[in-house]
Amino acid sequence: MKKILIIKPSSLGDIIHALPVATAISRQISGVVIDWVVRPEYAEILQAHPAIRRIFFFDRGKWVRSSRMLQTLPEIIGMVRSIRQEHYDAVLDLQGLFRSGLLSFLSGSKLRLGFENAREFSTVFYNRKVKVPNEGIHAIDRYQLFLREMGIASPKLDYGLILPGEAVGFVEKLLVEEGIRSVRPLIALNPNARWETKQWLPDRFAVLADRLVDDLGAEVVFVGAASDGGWIQKILADVKKPVHNLAGKTTILQLAALLRKAALLVTCDSGPMHLAAAVGTKVLALFGPTDPVRTGPYGSENRVIQKDMDCSPCLRRSCPERTHLCMEAITADEVFQEVKQMLTTILT
């Protein structure tokens, strides 16, 4: 196999989980070419992986919005034609949905791999099915099963990311402009998540931020996308100590460079959580409705706080009882104490 296409359009965390597959293939198959199908908003992270040659944009909206389907049909056909012209030896569908499975079939490749338990009847498009012997494993370990199916050994996990100098330089300049002192530990807080049920209470993030500044002498930065601004402003309204709001001021790769400089990220279950783990930054993750065994921050140095409740993990985007008890049960003090313990070697 000298030419391979990986289909993993979203989301940010899932794409990061899949990167070690590309790293392992590139290091164990001499001269291999690896291309990737991804949603446009996540393409930047793939540009930091030297083994990925070509990126195809998969705009999900154009495949599902019937009102725009006729307008964008030529573009979709053009993408499929470009993929077919590459004559891939193998296509790996790591997304496992109907659209991604169909695209693997339309690629024209004679070898199409996908999970045997993939959803939306996507398995009908595969001619090599990857068995998942244990459902209760982390997403990274699930994707590694593709390597075994291909006869490739799973080496030491490596995301393969090389952050560009432009992103690193931007972050260094940003920190100087914000007046952030390098002699103090830099702690990043990511309070947002795509599901409301994953979010921790804003007043507790505020209390935590104040204690990190007061008791640890830390430089505290809030990170996230521009769309997170309203939620973060709600937190900042209760913050009494000097902190820095960098949400919306970085791209994905600039955020990766920022997180790499941080001593620790405290976060809800989110894409930045996995980005921090990928660049080697310690992560303290606050979990409620989701399962950290499957989607928690990967790595032995990372930690998770999750309460043992009958309803958790429920995997729901909204709380049926509207109580959010699983996240409310996490106190600011226990998060602060965990931060202190994780940063013992830095603070002493």
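**Note on strand pairing and helix packing in a predicted model**

1. Strand 4 and strand 5 (residues 112–115) run parallel and are joined by three bridges. Two strands count as paired if DSSP finds at least two bridges between them. Strands, like helices, are DSSP runs numbered from the N terminus (E, at least two residues, for strands; H or I, at least four residues, for helices). L92 has L113 as its bridge partner in strand 5.

2. The model is predicted: local features need pLDDT of at least 70, side-chain atom pairs count only at pLDDT 80 or more, and totals for chains, interfaces and linings use all residues. Residues are numbered from 1 along each chain as its sequence is written, and side-chain values use heavy atoms, with hydrogens and water left out.

3. Buried means under 20% relative accessible area, exposed over 50%, and partly exposed in between (1.4 Å probe, protein chains only). Strand 4 is also joined to strand 1 (residues 3–7) by four bridges, in parallel; here L92 is the bridge partner of I6.

4. A further sheet is open and has six strands in the order 9-8-7-10-11-12, with parallel pairing. Its edge strands, strand 9 (244–245) and strand 12, each pair on one side only. Within this sheet, strand 7 (residues 186–190) and strand 10 (residues 264–268) pair in parallel over four bridges, and A188 stands opposite L265 of strand 10.

5. Helix 14 lies across strand 7, strand 10, strand 11 (282–286) and strand 12, and runs at about 165° to strand 11. Axes are lines fitted to C-alpha atoms, for helices over the stretch in contact, and angles run from 0 to 180 degrees between N-to-C directions.

6. Helix 8 (residues 202–216) packs against helix 14 (residues 332–342) at an angle of about 40°, with the axes 9 Å apart. Helix 8 is therefore oblique to helix 14. Angles under 35 degrees count as roughly parallel, over 145 as roughly antiparallel, 65 to 115 as roughly perpendicular and the rest as oblique. Residues in this contact (heavy atoms within 4.5 Å) include R204, L208 and R211 of helix 8 and D333, F336 and K340 of helix 14.

7. S318 is in the loop between strand 12 (303–305) and helix 13 (325–328). S318 is partly exposed, with a relative accessible area of 41%. Leaving aside neighbours within four places in sequence, S318 is in contact with E196 and T197.
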